[in-house]
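Subject: Structure handover

Hello,

Here is the structure you asked about. Please open it alongside this note, and follow the residues as you read.

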Amino acid sequence: MRAPLTSLVLAIALLAGCSPSPVPLFNQAHAAASAAPRDTPFAYAETDIVQLQAAMAAGELDSVTLTRAYLERIARLDRAGPRLNAVLELNPDALKEAAALDAERRRGQLRGPLHGIPLLLKDNIGARPMGTSAGSLALAGFRPDDAFLVTRLRAAGALILGKTNLSEWANFRSSQSISGWSARGGQTRNPYRLSHNPCGSSSGSAVAVAANLAAAAVGTETDGSIVCPAAVNGVVGLKPTVGLVSRDGIVPISFSQDTAGPITRSVADAAALLTAMAGRDDADPATATMPGRAVYDYTARLNPDGLRGTRIGVLHGPLDQQPGVAPALQHAIGVLRDAGAVVVPVQLPTEGQWEDAERLVLLHEFKAGMQRYLTRHQAPVRDLDAIIAFNRTHADKELVLFGQDLMETAAQAGGLGSPEYIAARTQARRLAGPEGIDAVLKAERLDALVAPTTGTAWPIRTGHGDDFPGGSYSAAAVAGYPSLTVPMAHVNGLPLGLLFMGTAWSEPKLIELAYDYEQRTRARRPPRFGTQALLP
């Protein structure tokens, strides 16, 4: 559930069907010799959920037709063609379930606003009859029950089309990991430039949405793993407040920071998915802290004039030095001002001070949470030591590109009752939340903060991990606060995202602000699956 960084401290500062064979890293020599693939016309390209539902209501479309179209597109682009390698496993019952949903519609029995809409899930989220592997061969064939959020999505009428590839174990295996790679699924590729990385760990979910392989998808995040891949793949990613969406049934890293969230092509679709996913769950105590109503319609906050009269703080930092970021951010600031917002340059007074504490928190919680999850669901391996041993036994498949130093370090961590852990958890949240985001919001009377989400995608290379440009999302992740990335610009054909962040439970306000910005900019462009700019 982490986005990548390249040292141990920085790395931790970020989290059956039709299963393809593992795909090796991109063969650059072969790609350079071939023509850049181009997309073929697709009837439902860039179509949002409201439009799909309108077509179904008018009798112009049904779920079987839509599901079959997405399955054919996955076969053409993900399994063949550019081989995006975003979809790890397909639901073998997808067409049968689509037919049942169509029959319900004909009887006037609509489950909810997602009725008949095909979605993809990151493969650390339980959804039967598919497996849940977190990308690891150690969990191949493991089929736990539906996660709570999946139960809610199905209740809203969604059709679970399949599972997406991810950074193995949600990027909590090695400080030298390659984002988007898993032993079970191989390397996911960025559709804007196939030689480049999709970020992670929700790599396949973001790539699939960007390439129109499904109507929308669900990812998970501990620190950056929704918003980073969403940004570098030119889509919308919403990381909710911890406790808004239940984590029950999701392979964990950290119960302090983990959450699932929507990855979509529009803010409106993200609001629709969040409405369906959010809710209290007795199996996840964090959801008991949710204020107000347990169910809220986030689509009601799609206000095209949402920026008027607001005060927005702009965070400047090292990302401004990345190619193309500074002019893109200045243009975004102009859009915010033109929309009626007052824009204030700000800095987080505690920027980066939580990193060491977060490192300790994640190491301790990963060890404890993994044992609890694996034991509860009777997985083939029952604790972190067993996973480490499995990887060593199958090193030719699991450890061929990078090691497992994060897992090995976590295995040596103490229990959750250790004073070191308790102090670190309190310190990390305090520095990122009350003394970080909240302090700036209060001092400047701000409605939200914005910043470049991250830089553009980087080339896929082996041997030293990701050439990660950095990110602006860590404070929100560590504090457990929401963040929402929206397409901002393109630099040499690669997308950049603009990140909106707020205090706990401020999703309605962030959706309102981001929707207004999105409608004014229309910055999203579909990918062209280019192979240009390959490294020698």
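This is a predicted model: local features need pLDDT of at least 70, side-chain atom pairs count only at pLDDT 80 or more; totals for chains, interfaces and linings use all residues.

Start with tryptophan 169. Its phi is near 55°, a positive value in a residue other than glycine. Tryptophan 169 has a relative accessible area of 2%, so it is buried; the cut-off for buried is under 20%.

Asparagine 492 also has a positive phi without being a glycine, near 50°. It lies in the loop between β12 (483-491) and β13 (494-501). Is asparagine 492 buried or exposed? With a relative accessible area of 66%, asparagine 492 is exposed, because exposed means over 50%.

**Helix α4**

Next, helix α4, residues 63-79. It has 17 residues. From first C-alpha to last it reaches 22 Å, close to the 24 Å expected at 1.5 Å a residue. Its buried residues are Ser63, Val64, Leu66, Thr67, Ala69, Tyr70, Arg73, Ile74, Leu77 and Asp78. An α-helix has 3.6 residues a turn, so residues three or four places apart point the same way. Keep that in mind when you look along the list.

Leaving aside neighbours within four places in sequence, arginine 73 is in contact with Asp39, Thr40, Phe42, Asp78, Ala211, Asn212 and Leu213.

Helix α5 has 13 residues. It reaches 18 Å from its first C-alpha to its last, close to the 18 Å expected at 1.5 Å a residue. Ala94, Ala98, Leu101, Asp102, Ala103, Glu104 and Arg105 are buried in α5. The buried residues of α5 pack against α3, α4 and β3. Just after α5, glycine 108 takes a positive phi of about 80°.

How do α4 and α5 meet? Their axes come within 8 Å and cross at roughly 155°. The two helices are therefore roughly antiparallel to each other, since angles over 145 degrees count that way. The crossing of α4 past α5 is right-handed. On the α4 side the contact is made by Ser63, Val64, Thr67, Arg68 and Leu71. On the α5 side it is made by Ala94, Leu95, Ala98, Ala99 and Asp102.

**Helices α11 and α15**

Here is another helix pair to compare. Helix α11 (residues 355-376) packs on helix α15 (residues 419-443) at an angle of about 125°, with the axes 8 Å apart. α11 and α15 are therefore oblique to each other. α11 passes α15 in a left-handed crossing. From α11, Ala357, Glu358, Leu360, Val361, His364 and Glu365 take part. They meet Glu420, Tyr421, Ala424, Arg425, Gln427 and Ala428 in α15.

**The disulfide**

How many disulfides does a search of the whole structure find? It finds 1. Cysteine 199 and cysteine 228 form it, with their sulfur atoms 2.0 Å apart. The pair links distant parts of the chain, 29 residues apart. Cysteine 199 is in the loop between β5 (186-187) and α7 (203-210), and cysteine 228 is in helix α8 (residues 227-232). The torsion about the S-S bond of cysteine 199 and cysteine 228 is about 105°, so the disulfide is right-handed. Both cysteine 199 and cysteine 228 are buried.

**Cis peptide bonds**

The loop of cysteine 199, between β5 and α7, also holds serine 201. A cis peptide bond joins glycine 200 to serine 201, with omega about 15°.

Arginine 128 and proline 129 are also joined by a cis peptide bond, with omega about 10°. Proline 129 lies in the loop between β2 and α6 (148-155).

Best wishes

How values were computed:
Residues are numbered from 1 along each chain as its sequence is written. Side-chain values use heavy atoms; hydrogens and water are left out. Helices (H or I, at least four residues) and strands (E, at least two) are DSSP runs, numbered from the N terminus. The expected span of a helix is 1.5 Å times one less than its number of residues. Buried means under 20% relative accessible area, exposed over 50%, partly exposed in between (1.4 Å probe, protein chains only). A disulfide is a pair of cysteine sulfur atoms within 2.5 Å. Axes are lines fitted to C-alpha atoms, for helices over the stretch in contact, and angles run from 0 to 180 degrees between N-to-C directions. Angles under 35 degrees count as roughly parallel, over 145 as roughly antiparallel, 65 to 115 as roughly perpendicular and the rest as oblique. A crossing is left-handed if the near helix is turned anticlockwise from the far one by less than a right angle, and right-handed if clockwise. Contact means heavy atoms within 4.5 Å.
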